[in-house]
Amino acid sequence: MKLPYAEPYKIKMVEPLTQSTAEQRQDWIAKANFNLFNLESHKVFVDLLTDSGTGAMSDRQWSALMSADESYAGSRSFHDLKNAVNKITGFPFLLPTHQGRAAENVLFSALVKEHDVVPGNSHFDTTKGHIEFRKASAIDCTIEQAFKTELEHPFKGNIDLEKLEEVYKTHPKDQIPFCLITVTCNTSGGQPVSMENIKAVRELSKRYGIPVFFDGARFAENAYFIKQREANEKDKSIKTICLEMFSYGDGMTMSSKKDGLVNIGGFVALRDEQLFKKASTFTIIYEGFITYGGMSGRDMAALAVGLDEATELNYLESRISQVQLLGERLIEMGIPVQKPIGGHAVFVDALKFLPNVSREEFPAQTLGVELYKEAGIRGVEIGAILADRDPQTRENRFPQTEFLRLAIPRRTYTDNHMEYVAIALKNIFDRREEITKGYEITEEAPIMRHFTVKMKPA
Ligand code: F0G
(Lines give C-alpha, C1' and ligand atoms only; values in the text may rest on other atoms or scores of the structure.)
Protein backbone atom coordinates (compact mmCIF):
# COMPACT_ATOMS: atom_id res chain seq x y z
CA MET A 1 0.00 0.00 0.00
CA LYS A 2 1.09 3.56 -0.66
CA LEU A 3 1.96 5.18 2.65
CA PRO A 4 -0.20 8.18 3.55
CA TYR A 5 1.37 11.57 4.15
CA ALA A 6 2.36 12.42 7.69
CA GLU A 7 3.68 15.67 9.07
CA PRO A 8 7.50 15.85 8.85
CA TYR A 9 7.62 17.27 12.40
CA LYS A 10 6.32 16.56 15.89
CA ILE A 11 4.68 18.98 18.31
CA LYS A 12 6.77 20.53 21.08
CA MET A 13 4.42 23.16 22.48
CA VAL A 14 0.63 23.43 22.53
CA GLU A 15 -1.78 26.32 23.03
CA PRO A 16 -5.27 25.69 24.47
CA LEU A 17 -8.37 26.63 22.47
CA THR A 18 -11.60 27.76 24.09
CA GLN A 19 -14.95 26.22 23.25
CA SER A 20 -18.21 28.13 23.56
CA THR A 21 -21.96 27.57 23.36
CA ALA A 22 -24.21 28.52 20.46
CA GLU A 23 -25.95 31.13 22.70
CA GLN A 24 -22.62 32.78 23.54
CA ARG A 25 -21.64 32.90 19.87
CA GLN A 26 -24.98 34.38 18.85
CA ASP A 27 -24.45 37.16 21.37
CA TRP A 28 -20.77 37.75 20.48
CA ILE A 29 -21.30 37.96 16.74
CA ALA A 30 -24.18 40.44 17.19
CA LYS A 31 -21.94 42.59 19.41
CA ALA A 32 -19.26 42.35 16.69
CA ASN A 33 -21.80 43.85 14.23
CA PHE A 34 -21.72 40.61 12.23
CA ASN A 35 -18.16 41.34 11.15
CA LEU A 36 -15.87 38.38 11.89
CA PHE A 37 -12.84 40.70 12.04
CA ASN A 38 -14.37 42.27 15.15
CA LEU A 39 -14.35 39.05 17.18
CA GLU A 40 -11.77 38.55 19.90
CA SER A 41 -9.76 35.45 19.06
CA HIS A 42 -10.60 33.61 22.30
CA LYS A 43 -14.19 33.58 21.08
CA VAL A 44 -13.10 31.52 18.08
CA PHE A 45 -12.42 27.77 18.23
CA VAL A 46 -10.88 27.08 14.81
CA ASP A 47 -9.58 30.27 13.26
CA LEU A 48 -9.45 30.07 9.47
CA LEU A 49 -9.71 33.83 8.95
CA THR A 50 -6.29 33.84 7.37
CA ASP A 51 -3.12 31.85 6.84
CA SER A 52 -1.21 35.11 7.24
CA GLY A 53 1.14 35.34 10.21
CA THR A 54 -0.83 32.63 12.01
CA GLY A 55 1.48 29.65 11.44
CA ALA A 56 3.82 27.91 13.87
CA MET A 57 7.56 28.47 13.72
CA SER A 58 10.05 25.61 13.99
CA ASP A 59 12.61 25.07 16.73
CA ARG A 60 15.27 26.16 14.22
CA GLN A 61 13.45 29.45 13.76
CA TRP A 62 13.05 30.00 17.49
CA SER A 63 16.77 29.36 17.90
CA ALA A 64 17.52 31.90 15.18
CA LEU A 65 15.52 34.51 17.12
CA MET A 66 17.86 34.17 20.07
CA SER A 67 21.09 34.53 18.14
CA ALA A 68 19.94 37.41 15.89
CA ASP A 69 21.68 40.79 15.60
CA GLU A 70 19.62 43.87 16.50
CA SER A 71 22.00 46.47 15.03
CA TYR A 72 20.28 49.42 13.40
CA ALA A 73 22.61 49.43 10.39
CA GLY A 74 24.39 46.54 8.72
CA SER A 75 22.85 43.84 10.92
CA ARG A 76 24.21 40.33 10.44
CA SER A 77 20.61 39.10 10.40
CA PHE A 78 19.88 41.40 7.45
CA HIS A 79 22.77 39.83 5.55
CA ASP A 80 21.55 36.34 6.42
CA LEU A 81 18.11 37.28 5.10
CA LYS A 82 19.51 38.90 1.98
CA ASN A 83 21.49 35.73 1.24
CA ALA A 84 18.44 33.53 1.85
CA VAL A 85 16.27 35.65 -0.48
CA ASN A 86 19.00 35.69 -3.11
CA LYS A 87 19.42 31.91 -2.92
CA ILE A 88 15.70 31.30 -3.45
CA THR A 89 14.75 34.12 -5.85
CA GLY A 90 17.99 35.11 -7.53
CA PHE A 91 17.20 38.79 -6.85
CA PRO A 92 20.35 40.58 -5.64
CA PHE A 93 18.76 43.63 -3.94
CA LEU A 94 16.62 43.42 -0.81
CA LEU A 95 14.51 45.93 1.10
CA PRO A 96 12.86 44.48 4.20
CA THR A 97 9.43 45.86 5.15
CA HIS A 98 7.12 45.21 8.06
CA GLN A 99 4.68 43.19 5.95
CA GLY A 100 3.44 42.62 2.39
CA ARG A 101 1.35 45.76 1.95
CA ALA A 102 4.30 47.82 3.14
CA ALA A 103 6.36 46.24 0.36
CA GLU A 104 3.59 47.28 -2.04
CA ASN A 105 3.71 50.80 -0.63
CA VAL A 106 7.48 51.03 -1.12
CA LEU A 107 7.57 49.55 -4.63
CA PHE A 108 4.45 51.29 -5.92
CA SER A 109 5.65 54.63 -4.56
CA ALA A 110 8.60 54.22 -6.88
CA LEU A 111 6.65 52.95 -9.89
CA VAL A 112 2.92 53.76 -9.95
CA LYS A 113 1.47 57.19 -10.78
CA GLU A 114 -1.95 58.69 -11.47
CA HIS A 115 -3.85 57.21 -14.48
CA ASP A 116 -1.52 54.21 -14.72
CA VAL A 117 -2.87 50.71 -15.25
CA VAL A 118 -1.42 47.59 -13.65
CA PRO A 119 -2.55 44.36 -15.32
CA GLY A 120 -2.30 41.07 -13.46
CA ASN A 121 -4.14 37.99 -12.22
CA SER A 122 -6.77 39.09 -9.67
CA HIS A 123 -4.68 41.46 -7.54
CA PHE A 124 -4.99 40.96 -3.80
CA ASP A 125 -7.12 43.58 -2.03
CA THR A 126 -4.26 45.54 -0.43
CA THR A 127 -2.46 45.48 -3.77
CA LYS A 128 -5.51 46.87 -5.53
CA GLY A 129 -5.91 49.33 -2.65
CA HIS A 130 -2.36 50.61 -3.08
CA ILE A 131 -2.88 50.97 -6.84
CA GLU A 132 -6.26 52.74 -6.55
CA PHE A 133 -5.01 54.93 -3.72
CA ARG A 134 -2.55 56.34 -6.30
CA LYS A 135 -5.48 56.98 -8.67
CA ALA A 136 -4.30 54.18 -10.95
CA SER A 137 -6.26 51.03 -11.89
CA ALA A 138 -5.68 47.34 -11.45
CA ILE A 139 -6.82 45.35 -14.49
CA ASP A 140 -7.74 41.73 -13.90
CA CYS A 141 -6.47 39.51 -16.72
CA THR A 142 -7.06 36.13 -15.05
CA ILE A 143 -8.21 33.36 -17.39
CA GLU A 144 -12.02 33.04 -17.55
CA GLN A 145 -11.90 29.41 -16.36
CA ALA A 146 -10.90 30.71 -12.92
CA PHE A 147 -14.38 32.09 -12.34
CA LYS A 148 -16.19 28.82 -13.05
CA THR A 149 -15.86 27.01 -9.75
CA GLU A 150 -16.94 23.58 -11.04
CA LEU A 151 -14.48 23.63 -13.90
CA GLU A 152 -11.25 21.72 -13.20
CA HIS A 153 -8.13 23.44 -14.55
CA PRO A 154 -4.65 22.79 -13.16
CA PHE A 155 -3.61 26.46 -13.25
CA LYS A 156 -6.58 28.69 -12.53
CA GLY A 157 -4.21 31.47 -11.49
CA ASN A 158 -2.94 31.86 -15.07
CA ILE A 159 -3.00 35.16 -16.91
CA ASP A 160 -5.03 35.29 -20.12
CA LEU A 161 -2.47 36.40 -22.70
CA GLU A 162 -5.09 37.90 -25.00
CA LYS A 163 -6.53 40.02 -22.20
CA LEU A 164 -3.01 41.10 -21.26
CA GLU A 165 -2.05 41.98 -24.81
CA GLU A 166 -5.26 43.99 -25.14
CA VAL A 167 -4.13 46.11 -22.16
CA TYR A 168 -0.69 46.52 -23.73
CA LYS A 169 -2.20 47.53 -27.07
CA THR A 170 -4.72 50.01 -25.71
CA HIS A 171 -2.48 51.94 -23.29
CA PRO A 172 0.72 53.88 -23.88
CA LYS A 173 3.80 52.14 -22.52
CA ASP A 174 4.53 54.86 -19.98
CA GLN A 175 1.12 54.26 -18.44
CA ILE A 176 1.85 50.59 -17.66
CA PRO A 177 4.55 50.49 -14.97
CA PHE A 178 4.52 46.67 -14.81
CA CYS A 179 2.48 43.50 -15.00
CA LEU A 180 1.95 41.81 -11.63
CA ILE A 181 1.81 38.02 -11.29
CA THR A 182 0.44 36.89 -7.95
CA VAL A 183 1.64 33.39 -7.00
CA THR A 184 -0.50 31.65 -5.96
CA CYS A 185 -3.50 33.72 -6.92
CA ASN A 186 -5.25 34.26 -3.59
CA THR A 187 -8.37 35.94 -4.91
CA SER A 188 -9.27 33.14 -7.34
CA GLY A 189 -8.80 30.47 -4.68
CA GLY A 190 -5.11 30.00 -3.94
CA GLN A 191 -4.81 28.83 -7.54
CA PRO A 192 -1.36 28.38 -9.08
CA VAL A 193 0.20 29.96 -12.15
CA SER A 194 2.07 27.58 -14.44
CA MET A 195 5.72 28.01 -15.36
CA GLU A 196 4.62 28.01 -18.99
CA ASN A 197 2.26 30.93 -18.34
CA ILE A 198 4.84 32.88 -16.33
CA LYS A 199 7.30 32.44 -19.20
CA ALA A 200 4.72 33.48 -21.79
CA VAL A 201 3.76 36.58 -19.78
CA ARG A 202 7.43 37.45 -19.59
CA GLU A 203 7.90 37.08 -23.35
CA LEU A 204 4.79 39.07 -24.23
CA SER A 205 5.68 41.82 -21.75
CA LYS A 206 9.21 41.98 -23.09
CA ARG A 207 7.87 42.60 -26.61
CA TYR A 208 5.97 45.61 -25.30
CA GLY A 209 8.81 46.73 -23.03
CA ILE A 210 6.80 46.20 -19.81
CA PRO A 211 8.52 44.91 -16.65
CA VAL A 212 7.11 41.91 -14.77
CA PHE A 213 6.87 41.75 -10.99
CA PHE A 214 5.68 39.02 -8.67
CA ASP A 215 3.53 39.19 -5.60
CA GLY A 216 5.28 36.23 -4.03
CA ALA A 217 3.25 35.76 -0.83
CA ARG A 218 2.65 32.05 -1.59
CA PHE A 219 5.44 31.40 -4.08
CA ALA A 220 6.53 28.10 -2.52
CA GLU A 221 3.01 26.66 -2.72
CA ASN A 222 2.93 27.77 -6.35
CA ALA A 223 6.22 25.98 -6.99
CA TYR A 224 4.78 22.82 -5.42
CA PHE A 225 1.83 22.85 -7.84
CA ILE A 226 4.18 23.43 -10.76
CA LYS A 227 6.16 20.36 -9.70
CA GLN A 228 2.95 18.31 -9.32
CA ARG A 229 1.15 19.42 -12.44
CA GLU A 230 3.62 20.42 -15.12
CA ALA A 231 5.14 17.38 -16.80
CA ASN A 232 8.58 18.83 -17.56
CA GLU A 233 8.98 20.25 -14.04
CA LYS A 234 8.30 17.11 -12.01
CA ASP A 235 11.92 16.06 -11.52
CA LYS A 236 13.16 19.49 -10.39
CA SER A 237 13.55 20.46 -6.75
CA ILE A 238 11.24 23.13 -5.31
CA LYS A 239 14.21 25.47 -4.90
CA THR A 240 15.17 25.03 -8.57
CA ILE A 241 11.58 25.74 -9.63
CA CYS A 242 11.49 28.89 -7.47
CA LEU A 243 14.69 30.19 -9.04
CA GLU A 244 13.30 29.56 -12.52
CA MET A 245 9.96 31.25 -11.73
CA PHE A 246 11.63 34.38 -10.44
CA SER A 247 14.11 34.43 -13.33
CA TYR A 248 11.18 35.65 -15.47
CA GLY A 249 10.62 38.72 -13.27
CA ASP A 250 12.24 42.04 -12.47
CA GLY A 251 11.45 41.87 -8.80
CA MET A 252 8.84 41.02 -6.22
CA THR A 253 6.87 42.12 -3.23
CA MET A 254 6.54 39.59 -0.46
CA SER A 255 4.32 39.10 2.53
CA SER A 256 6.59 36.90 4.63
CA LYS A 257 3.61 36.05 6.85
CA LYS A 258 2.66 33.32 4.38
CA ASP A 259 5.45 31.33 2.72
CA GLY A 260 8.09 33.00 4.88
CA LEU A 261 6.69 30.93 7.77
CA VAL A 262 6.91 33.85 10.20
CA ASN A 263 4.34 35.89 12.10
CA ILE A 264 5.32 39.29 10.71
CA GLY A 265 7.50 40.67 7.93
CA GLY A 266 7.78 41.35 4.25
CA PHE A 267 10.22 42.56 1.62
CA VAL A 268 10.83 43.97 -1.81
CA ALA A 269 13.46 42.09 -3.83
CA LEU A 270 14.80 43.61 -7.03
CA ARG A 271 17.10 42.92 -9.94
CA ASP A 272 17.87 46.50 -10.93
CA GLU A 273 20.16 48.71 -8.85
CA GLN A 274 18.65 51.99 -10.04
CA LEU A 275 15.17 50.92 -8.97
CA PHE A 276 16.62 49.64 -5.70
CA LYS A 277 18.06 53.10 -5.04
CA LYS A 278 14.77 54.79 -5.85
CA ALA A 279 12.76 52.41 -3.68
CA SER A 280 15.30 52.73 -0.83
CA THR A 281 14.18 56.33 -0.28
CA PHE A 282 10.60 55.19 0.27
CA THR A 283 11.78 52.42 2.58
CA ILE A 284 13.55 54.98 4.71
CA ILE A 285 10.52 57.29 4.79
CA TYR A 286 7.87 54.67 5.46
CA GLU A 287 9.58 51.67 7.02
CA GLY A 288 13.03 52.23 8.50
CA PHE A 289 16.67 52.10 7.50
CA ILE A 290 17.29 49.84 4.51
CA THR A 291 18.96 47.06 6.51
CA TYR A 292 15.90 46.46 8.69
CA GLY A 293 12.93 48.27 7.09
CA GLY A 294 10.36 47.69 9.81
CA MET A 295 11.65 44.32 10.98
CA SER A 296 13.61 43.48 14.10
CA GLY A 297 16.87 41.56 13.66
CA ARG A 298 15.26 38.48 15.21
CA ASP A 299 12.33 38.60 12.80
CA MET A 300 14.74 38.77 9.86
CA ALA A 301 16.72 35.83 11.28
CA ALA A 302 13.58 33.69 11.70
CA LEU A 303 12.49 34.61 8.17
CA ALA A 304 15.80 33.55 6.65
CA VAL A 305 15.26 30.08 8.15
CA GLY A 306 11.52 30.10 7.30
CA LEU A 307 12.19 30.69 3.61
CA ASP A 308 14.48 27.69 3.57
CA GLU A 309 11.96 25.44 5.34
CA ALA A 310 9.02 26.60 3.21
CA THR A 311 10.83 25.52 0.05
CA GLU A 312 11.42 21.94 1.23
CA LEU A 313 9.29 19.35 -0.53
CA ASN A 314 8.28 17.34 2.55
CA TYR A 315 6.99 20.44 4.32
CA LEU A 316 4.96 21.52 1.27
CA GLU A 317 3.59 18.02 0.79
CA SER A 318 2.14 17.89 4.29
CA ARG A 319 0.97 21.50 4.19
CA ILE A 320 -0.91 21.21 0.93
CA SER A 321 -2.20 17.70 1.69
CA GLN A 322 -3.99 19.09 4.73
CA VAL A 323 -5.71 21.77 2.67
CA GLN A 324 -6.64 19.13 0.08
CA LEU A 325 -7.97 16.86 2.84
CA LEU A 326 -10.49 19.47 3.96
CA GLY A 327 -11.42 20.29 0.36
CA GLU A 328 -11.90 16.67 -0.68
CA ARG A 329 -14.04 16.02 2.39
CA LEU A 330 -16.33 18.93 1.46
CA ILE A 331 -16.55 17.74 -2.15
CA GLU A 332 -17.52 14.28 -0.88
CA MET A 333 -20.33 15.91 1.11
CA GLY A 334 -21.59 17.66 -2.02
CA ILE A 335 -20.58 21.13 -0.81
CA PRO A 336 -19.78 23.51 -3.71
CA VAL A 337 -16.15 24.69 -3.64
CA GLN A 338 -13.65 26.20 -6.06
CA LYS A 339 -12.08 23.23 -7.88
CA PRO A 340 -9.41 22.08 -7.85
CA ILE A 341 -8.58 22.88 -4.22
CA GLY A 342 -5.93 25.60 -3.93
CA GLY A 343 -2.76 25.79 -1.87
CA HIS A 344 -3.63 27.70 1.28
CA ALA A 345 -7.39 27.61 1.60
CA VAL A 346 -10.66 26.04 0.60
CA PHE A 347 -12.98 28.49 -1.12
CA VAL A 348 -16.64 27.63 -0.58
CA ASP A 349 -18.88 28.86 -3.40
CA ALA A 350 -21.45 30.85 -1.45
CA LEU A 351 -23.65 31.64 -4.48
CA LYS A 352 -24.26 27.92 -4.94
CA PHE A 353 -24.31 27.13 -1.22
CA LEU A 354 -26.93 29.77 -0.32
CA PRO A 355 -29.00 30.29 -3.50
CA ASN A 356 -31.83 31.89 -1.51
CA VAL A 357 -29.75 34.83 -0.25
CA SER A 358 -29.62 37.68 -2.76
CA ARG A 359 -26.28 39.16 -3.79
CA GLU A 360 -27.29 42.50 -2.27
CA GLU A 361 -27.45 40.69 1.08
CA PHE A 362 -23.93 39.21 0.82
CA PRO A 363 -24.22 35.39 0.69
CA ALA A 364 -20.56 34.69 1.58
CA GLN A 365 -20.71 36.95 4.63
CA THR A 366 -23.99 35.27 5.60
CA LEU A 367 -22.38 31.84 5.34
CA GLY A 368 -19.40 33.05 7.38
CA VAL A 369 -21.67 34.21 10.19
CA GLU A 370 -23.64 30.93 10.06
CA LEU A 371 -20.44 28.88 10.32
CA TYR A 372 -19.30 30.88 13.30
CA LYS A 373 -22.64 30.47 15.04
CA GLU A 374 -22.67 26.75 14.22
CA ALA A 375 -19.24 25.78 15.54
CA GLY A 376 -17.05 28.77 16.47
CA ILE A 377 -15.18 28.57 13.15
CA ARG A 378 -14.04 31.82 11.58
CA GLY A 379 -13.60 32.12 7.80
CA VAL A 380 -13.52 35.24 5.69
CA GLU A 381 -15.68 36.71 2.94
CA ILE A 382 -14.07 37.02 -0.49
CA GLY A 383 -16.98 38.58 -2.31
CA ALA A 384 -18.83 41.84 -2.75
CA ILE A 385 -17.91 43.35 0.62
CA LEU A 386 -14.21 42.78 -0.07
CA ALA A 387 -14.60 43.95 -3.70
CA ASP A 388 -15.59 47.35 -2.29
CA ARG A 389 -17.32 50.14 -4.20
CA ASP A 390 -16.15 51.32 -7.60
CA PRO A 391 -13.88 54.31 -6.89
CA GLN A 392 -15.63 56.38 -9.60
CA THR A 393 -19.32 55.46 -9.42
CA ARG A 394 -19.32 54.46 -5.71
CA GLU A 395 -21.64 51.57 -6.64
CA ASN A 396 -21.13 48.18 -5.00
CA ARG A 397 -18.97 45.93 -7.17
CA PHE A 398 -20.27 42.37 -7.53
CA PRO A 399 -17.42 40.08 -8.58
CA GLN A 400 -18.17 36.99 -10.65
CA THR A 401 -17.61 34.79 -7.63
CA GLU A 402 -18.64 35.06 -3.99
CA PHE A 403 -16.54 32.85 -1.70
CA LEU A 404 -16.28 32.00 1.96
CA ARG A 405 -12.56 31.37 2.30
CA LEU A 406 -11.34 28.88 4.89
CA ALA A 407 -7.61 29.62 5.08
CA ILE A 408 -5.49 27.04 6.86
CA PRO A 409 -2.62 28.36 9.00
CA ARG A 410 0.66 26.53 8.42
CA ARG A 411 1.72 23.76 10.86
CA THR A 412 -1.01 24.85 13.29
CA TYR A 413 -4.15 22.69 13.26
CA THR A 414 -4.54 18.92 13.05
CA ASP A 415 -6.56 16.85 10.61
CA ASN A 416 -9.18 16.43 13.36
CA HIS A 417 -9.78 20.16 13.19
CA MET A 418 -10.33 19.80 9.44
CA GLU A 419 -12.95 17.11 10.05
CA TYR A 420 -14.63 19.35 12.65
CA VAL A 421 -14.86 22.13 10.07
CA ALA A 422 -16.23 19.77 7.41
CA ILE A 423 -19.01 18.47 9.68
CA ALA A 424 -19.97 22.00 10.77
CA LEU A 425 -20.34 23.10 7.14
CA LYS A 426 -22.32 19.96 6.30
CA ASN A 427 -24.79 20.77 9.11
CA ILE A 428 -25.41 24.19 7.56
CA PHE A 429 -25.57 22.71 4.06
CA ASP A 430 -28.35 20.37 5.21
CA ARG A 431 -30.48 23.35 6.28
CA ARG A 432 -29.43 25.75 3.51
CA GLU A 433 -32.96 26.07 2.08
CA GLU A 434 -34.10 27.73 5.31
CA ILE A 435 -31.48 30.46 5.03
CA THR A 436 -33.11 33.18 2.95
CA LYS A 437 -32.00 36.42 4.60
CA GLY A 438 -28.51 37.91 4.63
CA TYR A 439 -27.03 41.12 5.99
CA GLU A 440 -27.02 44.80 5.13
CA ILE A 441 -24.29 47.34 5.75
CA THR A 442 -24.91 50.00 8.39
CA GLU A 443 -21.46 51.63 8.39
CA GLU A 444 -18.40 51.37 6.13
CA ALA A 445 -15.02 52.98 5.47
CA PRO A 446 -14.37 54.68 2.10
CA ILE A 447 -11.65 52.15 1.14
CA MET A 448 -10.92 48.57 2.31
CA ARG A 449 -14.25 48.53 4.07
CA HIS A 450 -14.29 44.81 4.91
CA PHE A 451 -12.03 45.17 7.93
CA THR A 452 -14.29 47.54 9.82
CA VAL A 453 -17.70 47.26 8.16
CA LYS A 454 -20.72 47.11 10.48
CA MET A 455 -23.73 45.07 9.46
CA LYS A 456 -27.18 43.99 10.63
CA PRO A 457 -29.52 41.21 9.58
CA ALA A 458 -31.41 42.25 6.43
N1 F0G B 1 -0.50 39.80 -1.47
C2 F0G B 1 -1.22 38.70 -1.28
C3 F0G B 1 -1.41 37.71 -2.38
C4 F0G B 1 -1.82 38.48 -0.03
O5 F0G B 1 -2.56 37.40 0.14
C6 F0G B 1 -1.62 39.42 1.00
C7 F0G B 1 -2.23 39.24 2.31
C8 F0G B 1 -0.83 40.55 0.75
C9 F0G B 1 -0.28 40.70 -0.51
C10 F0G B 1 -0.57 41.61 1.78
O11 F0G B 1 0.31 41.14 2.74
O12 F0G B 1 -0.98 41.09 4.87
O13 F0G B 1 1.51 41.00 4.85
O14 F0G B 1 0.34 43.08 4.29
N15 F0G B 1 -3.12 38.41 2.53
C16 F0G B 1 -3.72 38.09 3.81
C17 F0G B 1 -4.84 37.13 3.57
C18 F0G B 1 -4.09 39.25 4.66
O19 F0G B 1 -5.59 36.88 4.53
O20 F0G B 1 -4.98 36.61 2.47
P21 F0G B 1 0.29 41.60 4.26
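How many nonpolar, polar and charged residues does the shell around the ligand have? In this predicted model, the shell comprises 2 nonpolar, 8 polar and 7 charged residues. In total, 17 residues surround the ligand, and the closest are Thr50, Arg101, Asp215, Ser255 and Lys258. Helix 4, which spans residues 100-111, contributes the largest share of this shell, with 3 residues.

For asparagine 186, the distance between a polar side-chain atom and an oxygen atom of the ligand is 2.9 Å. The ligand taken alone exposes 470 Å², of which 94% is buried by the protein.

Helix 8 (residues 219-229) packs against helix 9 (residues 238-247) at an angle of about 105°, and the two axes are 9 Å apart. Angles of 65 to 115 degrees count as roughly perpendicular, and helix 8 and helix 9 are therefore assigned to that arrangement. On the side of helix 8, the contact is made by Phe219, Asn222, Ala223, Tyr224, Ile226 and Lys227; on the side of helix 9, Ile238, Ile241, Cys242, Met245 and Phe246 take part. Classified by residue type, this contact of helix 8 with helix 9 has 9 nonpolar, 1 polar and 1 charged residues.

In the second pair, the axes of helix 1 (residues 22-31) and helix 14 (residues 363-375) cross at roughly 145° and come within 7 Å. Helix 1 supplies Ala22, Arg25, Gln26, Trp28 and Ile29, which meet Val369, Tyr372, Lys373, Glu374 and Ala375 of helix 14. The contact of helix 1 with helix 14 has 6 nonpolar, 1 polar and 3 charged residues.

Backbone geometry was also considered at several loop positions. A cis peptide bond with omega of about -20° links valine 183 to threonine 184. Threonine 184 lies in the loop that connects strand 5 (179-182) with helix 7 (195-207). A cis peptide bond is also present from lysine 339 to proline 340, where omega is near -10°. The loop holding proline 340 runs between helix 12 (313-332) and strand 9 (345-349). Aspartate 388, although not a glycine, adopts a positive phi of about 65°. The position of aspartate 388 is in the loop between helix 15 (384-387) and strand 12 (403-407).

Notes: Residues numbered from 1 in each chain as written. Predicted model: local features only at pLDDT ≥ 70, side-chain atom pairs only at ≥ 80, totals over all residues. Heavy atoms only, no water. Near = heavy atom within 4 Å. Polar contact = N/O pair within 3.5 Å; in protein donor to acceptor, adjacent residues only side chain to side chain. Areas by Shrake-Rupley, 256 points an atom, 1.4 Å probe, with all protein chains shown as cover. Helix = DSSP H or I, 4+ residues; strand = E, 2+ residues; numbered from the N terminus. Nonpolar A, V, L, I, M, F, W, Y, C, P; charged D, E, K, R; others polar. Axes fitted to C-alpha atoms, helices over the stretch in contact; angles between N-to-C directions. Parallel < 35°, antiparallel > 145°, perpendicular 65-115°, else oblique. Contact = heavy atoms within 4.5 Å.
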